[in-house]
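Here is a short report on one structure, covering its ligand site, its charged pairs and its nonpolar cores.

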Amino acid sequence: MNLLRTIKERRSTLSFKSEKIELSTLKEIFTYGSYAPTHYMTEAWRMKLYQGEGKEHLIPAIIESYQRSGMLPTGNSEKTLRSRASIADFLLTIPHHALIYYEIPGDPIRNEEDYSSIAAFIQNSQLAAWEYGIGMLWTITPYMHDEQFIEKIGLERDKHKVVAVLQIGYPDKTTRDKGRTSVEKWMEVIE
Ligand SMILES: Cc1cc2nc3c(=O)[nH]c(=O)nc-3n(C[C@H](O)[C@H](O)[C@H](O)COP(=O)(O)O)c2cc1C
């Protein structure tokens, strides 16, 4: 595939095959990600990659956060246990979860630079993955902003920010191609 085709053909992956991806392949993919532009070469992206039994360190923390936020009920009624188990099962079926975070710099401009660069890192990684036949879903979910969740996964609430959690695996179902609005609509040419 060539880059321009991949940019247009990549789709977000909504469900994944159960097959795990070799760690060496994921390392290659994120190496492509790391060629993203990065001001002052901070390379601020940091990652916790959860896979196999490692998912047991992430999924319970997500469930507890959902309960704290009211997205999932607390208690032990049969219905509650069932809904909790079904979300945990769904998350378990996703072969890899890459939690992308960074250390928040004190300076607000540096902060914007690092955050922007990490978004570029993620998109580079998504495009590289697609070339390997691997799908990702870029997610931003409420638990990422839950300070107790941040501490639970071993980060520091005042020091770190979680930018995204990437769900990764071989695609089973992807979004349909919705196309994009012509950029001319958003472009004001001043000459
Ligand atoms: C910052 C960001 C956060 C996103 N968060 C979610 C999410 O939480 N859940 C989800 O299903 N998709 C999420 N997406 C994926 C978008 O919904 C998806 O890119 C969009 O529907 C266009 O589809 P495509 O990526 O297949 O072109 C996110 C995308 C971005 C850039």
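## Ligand site

Arg10, Arg11, Ser12, Leu137, Trp138, Thr139, Ile140, Thr175, Lys178 and Arg180 surround the ligand, each having a heavy atom within 4 Å of it. The model is predicted: local features need pLDDT of at least 70, side-chain atom pairs count only at pLDDT 80 or more, and totals for chains, interfaces and linings use all residues. Residues are numbered from 1 along each chain as its sequence is written, and side-chain values use heavy atoms, with hydrogens and water left out.

A polar side-chain atom of Thr175 lies 2.5 Å from a ligand oxygen. A ligand nitrogen is 3.0 Å from a polar backbone atom of Trp138. For Lys178, a side-chain N or O atom is 3.5 Å from an oxygen of the ligand.

Arg10 sits in the loop between α1 (3–9) and β1 (13–16); helices (H or I, at least four residues) and strands (E, at least two) are DSSP runs, numbered from the N terminus. Arg10 is buried but has no salt bridge, and Asp177, the nearest side chain of opposite charge, is 8.9 Å away. Buried means under 20% relative accessible area, exposed over 50%, partly exposed in between (1.4 Å probe, protein chains only).

## Salt bridges

Side chains of opposite charge can pair when their charged atoms come close. The structure holds nine salt bridges (a side-chain nitrogen of Lys or Arg within 4 Å of a carboxyl oxygen of Asp or Glu).

| Pair | N to O distance |
|---|---|
| Arg5 and Glu9 | 3.3 Å |
| Asp177 and Arg11 | 3.7 Å |
| Glu113 and Arg110 | 4.0 Å |

Asp177 and Arg11 link distant parts of the chain, 166 residues apart. Asp177 is exposed at 53% relative accessible area, whereas Arg11 is buried at 11%. Arg5 and Glu9 both lie in helix α1, four residues apart. Arg5 is partly exposed at 46%, and Glu9 is partly exposed at 34%. Glu113 and Arg110 both lie in helix α5 (residues 108–131), three residues apart. Salt bridges also link Glu147, Glu151 and Arg157 in a network.

## Nonpolar cores

The largest nonpolar core has 22 residues, of which Leu99, Phe149 and Ile153 touch the most other members. Such a core is a set of buried Ala, Val, Leu, Ile, Met, Phe, Trp, Tyr and Cys residues joined through side-chain atoms within 4.5 Å. Helix α3 gives the largest share of this core, five residues. A second, separate core has 21 residues, including Phe30, Ala36, Trp45 and Ile134.

Definitions and conventions: Lys and Arg count as positive and Asp and Glu as negative; His and the chain ends are not counted. A polar contact is a pair of N or O atoms within 3.5 Å; within protein, one must be able to donate a hydrogen and the other to accept it, and residues adjacent in sequence count only if both atoms are side-chain atoms.
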